[in-house]
Amino acid sequence: MLPSYIIVGEGVIKRVGEVISRFEVKGKALVLIGEKVEGIVSDHISISLRERSISFDSVVIKEASSEEIAKAIEVAKEENPKVILGVGGGSVIDVAKLTANEVNANFVSVPTAASHDGIASPVVSIKGSPSKFVKVPSAIVADIDVISKAPHRLIASGCGDIIAKLTAVRDWELAHKLKGEYYGDYAASLARMSALMIVRHAEAIAKGSGSGIRLLVEALISCGVAMCIAGSSRPCSGSEHLFSHALDLVAPKPALHGEQCGVGTIMMSYLHKMKWYFIRKVLKTVGAPTTAKELGVHDYYIVKALTIAHKIRDRYTILGESGLSEDAAERLAKATGVID
Ligand code: ZN
């Protein structure tokens, strides 16, 4: 299954009602909206839904915690909506995706930031646990005006999550060759192409130009489509994601998902004998962190995460079945300049 409607452009948030009316489902909508963006976009959403006579309730979501997820699911079970909109950053979209999956409603993704590929994917990744394949968005409405105004850190993080596909795809190829795992060339190519688009347009994205942000959003959506085609997160999540999930578990104050995946990609590309310094340069160009210091994470946790990453989930990668020893992990992090 793939998203039925994808609308990317300036001012498209005002077309949310129009998109929902195309579903031809009768019933209520539930809007799950992020605390930080409520004051900025809720009027556009309400006006757009009222214009199409769509009745709705809205709930403000603070974060992707188990309490907030339980709250959203409880409201959804009471209200029985036919459509659930996730309006906000990656966490709010994840909560909405899980809720829509739970009550079997259509899920509409309205991202207000481009910080990771969850905005367009069928996968949910709540901090501290590996990603889970749940529900393909029925529609994605990505307003470039709104997304451009999000802090640059989120944009750089989105780039990190996409650059990660360079090693994710290599890990997938490896698992195919060594373990006979299914490998889809089309899905892999789509994920790789998204990463190459970021490489090619890094400067435009760094400037935050409309065309640069549009490209980033389209690349994130393409990654989501790659996962839909593959039927798993394989084309988009390899050893660099395992490192990021491991860091979420061990570090007292982890950084953003895409930021960690970017740093993971530098290290895993070194293991894959790819041009890791070139990947680091692209991350620097877009303003994403490339060292432990820039992530705000102590060197100790980088090494620790590297040694446990292979245990995070049953997914074969360059880390192999036994992972990295502490010595090997330290050597890797030092060789790539992630730690001093
Ligand atoms: Zn990711």
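Tutor: With the largest cavity. A cavity is a set of points on a 1 Å grid over the protein atoms alone where a 1.4 Å probe fits but cannot get out, and lining residues have an atom within 4 Å of a point. Here 17 residues line the largest cavity, and Asp-117, Val-123, Ser-125, Ser-131 and His-241 lie nearest its centre. Strand 6 (123-124) and helix 11 are the elements that give two or more residues to this lining. Helices (H or I, at least four residues) and strands (E, at least two) are DSSP runs, numbered from the N terminus.

Student: What should I know about the model itself?

Tutor: It is predicted: local features need pLDDT of at least 70, side-chain atom pairs count only at pLDDT 80 or more, and totals for chains, interfaces and linings use all residues. Residues are numbered from 1 along each chain as its sequence is written, and side-chain values use heavy atoms, with hydrogens and water left out.

Student: How much space lies in the largest cavity?

Tutor: Rolling a probe the size of a water molecule over the atoms shows where empty space is left. A volume is the space filled by probe spheres set on the grid points, which are joined across faces, edges and corners. The largest cavity holds about 120 Å³. The structure has 1 cavity of 30 Å³ or more.

Student: Which classes of residue make up its lining?

Tutor: Ala, Val, Leu, Ile, Met, Phe, Trp, Tyr, Cys and Pro count as nonpolar, Asp, Glu, Lys and Arg as charged, and the others, Gly among them, as polar. This lining has 4 nonpolar, 10 polar and 3 charged residues.

Student: How do I read the largest pocket?

Tutor: A pocket is an open set of points with protein on both sides within 12 Å along at least five of seven lines. The largest pocket has a volume of about 980 Å³. Its lining counts 36 residues, with Lys-36, Gly-89, Gly-90, Ser-91 and Leu-154 nearest the centre. Helix 4 gives the largest share, 4 residues.

Student: Which residues are the protein donors of the zinc ion?

Tutor: Donors are N, O and S atoms within 2.8 Å of the metal (3.2 Å for Na, K and Ca); water is not among the atoms, so sites may look incomplete. Here they are Asp-161 (OD), His-241 (NE2) and His-257 (NE2), 2.1 to 2.2 Å from the ion. Their spacing in sequence is D-x79-H-x15-H. His-241 belongs to helix 11 (residues 239-250) and His-257 to helix 12 (residues 257-271), 16 residues apart.

Student: Is His-241 buried or exposed?

Tutor: Buried means under 20% relative accessible area, exposed over 50%, partly exposed in between (1.4 Å probe, protein chains only). His-241 has 4%, so it is buried. His-257, at 14%, also counts as buried.

Student: What covers strand 8?

Tutor: Look at each face. Ala-139, Val-141 and Asp-143 on one side are buried, as are Ile-140 and Ala-142 on the other. Because 5 of the 5 residues of strand 8 (residues 139-143) are buried, it is largely enclosed by the rest of the structure.

Student: Which strands pair with it?

Tutor: Two strands pair if DSSP finds at least two bridges between them. Strand 1 (residues 5-9) runs parallel to strand 8, joined by 5 bridges. Ile-6 stands opposite Ile-140 there. Strand 5 (residues 106-111) also pairs with strand 8 in the parallel sense, over 2 bridges.
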